[in-house]
Amino acid sequence: VTAVALAARGAAGLELRVRGGGDRVFSAAEAKGGQELEAAKTAVLFIEFQHEFTAEGGKLHGAVGPVMESTGMLAKAAKVAAAARAAGCTVIHAPISFEEDGSDNPNRGLGILAGCAADKLFTRGTWNAAFDEAMTPAEGDLVVTGKKGLDAFPGTDLESLLVANRIETLVLAGFLTNCCVESTMRTAYEKGFNTLTLTDCCATTSEDGHRAATEGTFLMFSSPVTADDFIAKLSS
């Protein structure tokens with residue numbers, strides 16, 4: 001990508017952000033929710049497809065493995081990624097990682113982030129924090145930097161990547177269904193994106209938790225679809 005192209009993207013992104021106003025990417029009049037899918041303006045965001053969750057030996061694999069198996073989410077996510085690339089969508093990966101001492105953990109004294117600190121999860125530079133082989137970013141994919149918390153927007157370059165690429169539809173998949181995926185979904189919705197969630201490309205620590213999200217909150221802040229339904233939309 002040339003410097004001129006990057007500058008043009010940046011200018012276009014700035015214009016879009018200014019028109020959106022404040023913390024929203026799109027104004028009320030321009031909000032994209034419910035619109036028809038257009039591949040060139042669609043990004044698929046894969047959240048935390050890292051060994052800590054996905055592979056034997058990962059500290060959290062035992063907790064999420066049953067839901068991963070019941071949904072077949074890893075293979076389906078890889079299938080979606082390939083279809084999205086072929087259709088001309090933007091594919092984005094959002095990994096999380098922390099320093100070994102947890103000094104960059106934004107709320108290490110409370111809740112799930114306290115657990116990340118205590119158990120030294122997703123330690124930067126380790127096998128645990130590396131991408132799963134099935135979901136390694138391909139040439140042309142984008143990788144979010146700076147993710148330390150649950151929502152993939154705060155403290156990261158996700159929004160700037162979306163704006164620079166003129167994305168209007170954001171499709172979400174990953175871990176945990178009722179944590180990072182749900183948090184990111186809510187923010188994307190509030191910012192005016194046409195937000196889709198891939199119900200069988202997510203996993204969490206229990207079937208009940210997964211079901212409560214995919215059949216409950218996902219309906220409030222997104223259009224939940226299966227991997228096959230999304231791929232069909234890309235082909236229509």
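Reader: What volume does the largest cavity have?
Author: In this predicted model, the largest cavity has a volume of about 60 Å³, and a search of the whole structure finds one cavity of 30 Å³ or more.

Reader: OK, and which residues line the largest cavity?
Author: The lining is made up of Phe98, Glu99, Glu100, Asp101 and Gly102, together with Asn105, Cys116, Ala117, Lys120, Leu121 and Thr123. Divided by class, these lining residues are four nonpolar, three polar and four charged.

Reader: Turning to pockets, what is the volume of the largest pocket, and which residues lie nearest its centre?
Author: The largest pocket has a volume of about 250 Å³. Its lining has 13 residues, and those nearest the centre are Gln35, Glu36, Leu37, Leu196 and Lys233.

Reader: Which elements each supply at least two residues of that lining, and how does the lining of the largest pocket divide by class?
Author: Strands β5 and β6 and helix α9, which covers 227-235, each supply at least two residues of the lining. By class, the lining of the largest pocket has five nonpolar, five polar and three charged residues.

Reader: Let's talk about the sheet. What is the strand order?
Author: It is an open sheet of six strands in the order β3-β2-β1-β4-β5-β6, with parallel pairing. Strands β3 (142-143) and β6 (223-225) stand at the edges and have a single partner strand each, so one side of each is left without a neighbour in the sheet.

Reader: And β1, how many bridges join it to β4 and to β2?
Author: Six bridges join β1 (residues 42-47) to β4 (residues 169-175), and these two strands run parallel, while five bridges join β1 to β2, again running parallel. On the β4 side, Thr42 stands opposite Thr169, and in β2 the bridge partner of Val44 is Val91.

Reader: Is β1 buried or exposed, then?
Author: Six of the six residues of β1 are buried, so this strand is largely enclosed by the rest of the structure. Thr42, Val44 and Phe46 point one way from β1, whereas Ala43, Leu45 and Ile47 point the other way, and all are buried.

Reader: Which strands does α4 lie across?
Author: Helix α4 (residues 73-87) lies across β1, β2 (90-94), β4 and β5, and runs at about 140° to β5. Helix α8 (residues 207-221) also packs on the sheet, where it touches β5 and β6, and its direction makes about 175° with that of β5.

Reader: Why is Thr199 counted as buried?
Author: Thr199 has a relative accessible area of 17%, and it counts as buried because that term means under 20% relative accessible area.

Reader: What about Gly72, where is it found and how far is its C-alpha from that of Cys201?
Author: Gly72 lies in the loop between α3 (61-71) and α4, and is partly exposed, with a relative accessible area of 27%. The C-alpha atoms of Gly72 and Cys201 are separated by 7.5 Å, although the two residues are 129 residues apart along the chain.

Reader: Switching to the backbone, which residues have a positive phi although they are not glycines?
Author: Glu48 has a positive phi of about 60°, and Arg166 has a positive phi of about 55°.

Reader: Where do Glu48 and Arg166 sit, and are they buried or partly exposed?
Author: Glu48 lies in the loop between β1 and α2 (51-54), where it is buried, with a relative accessible area of 2%. Arg166 is found in the loop between α6 (158-164) and β4, and is partly exposed, with a relative accessible area of 36%.

Reader: Last one, which peptide bond is cis?
Author: The peptide bond from Phe175 to Leu176 is cis, with omega near -25°. Leu176 is found in the loop between β4 and α7, a helix covering 177-190.

Terms used
Residues are numbered from 1 along each chain as its sequence is written. This is a predicted model: local features need pLDDT of at least 70, side-chain atom pairs count only at pLDDT 80 or more; totals for chains, interfaces and linings use all residues. Side-chain values use heavy atoms; hydrogens and water are left out. On a 1 Å grid over the protein atoms alone, a cavity is a set of points where a 1.4 Å probe fits but cannot get out, and a pocket is an open set with protein on both sides within 12 Å along at least five of seven lines; lining residues have an atom within 4 Å of a point. Grid points are joined across faces, edges and corners, and a volume is the space filled by probe spheres set on the points. Ala, Val, Leu, Ile, Met, Phe, Trp, Tyr, Cys and Pro count as nonpolar, Asp, Glu, Lys and Arg as charged, and the others, Gly among them, as polar. Buried means under 20% relative accessible area, exposed over 50%, partly exposed in between (1.4 Å probe, protein chains only). Two strands pair if DSSP finds at least two bridges between them. Helices (H or I, at least four residues) and strands (E, at least two) are DSSP runs, numbered from the N terminus. Contact means heavy atoms within 4.5 Å. Axes are lines fitted to C-alpha atoms, for helices over the stretch in contact, and angles run from 0 to 180 degrees between N-to-C directions.
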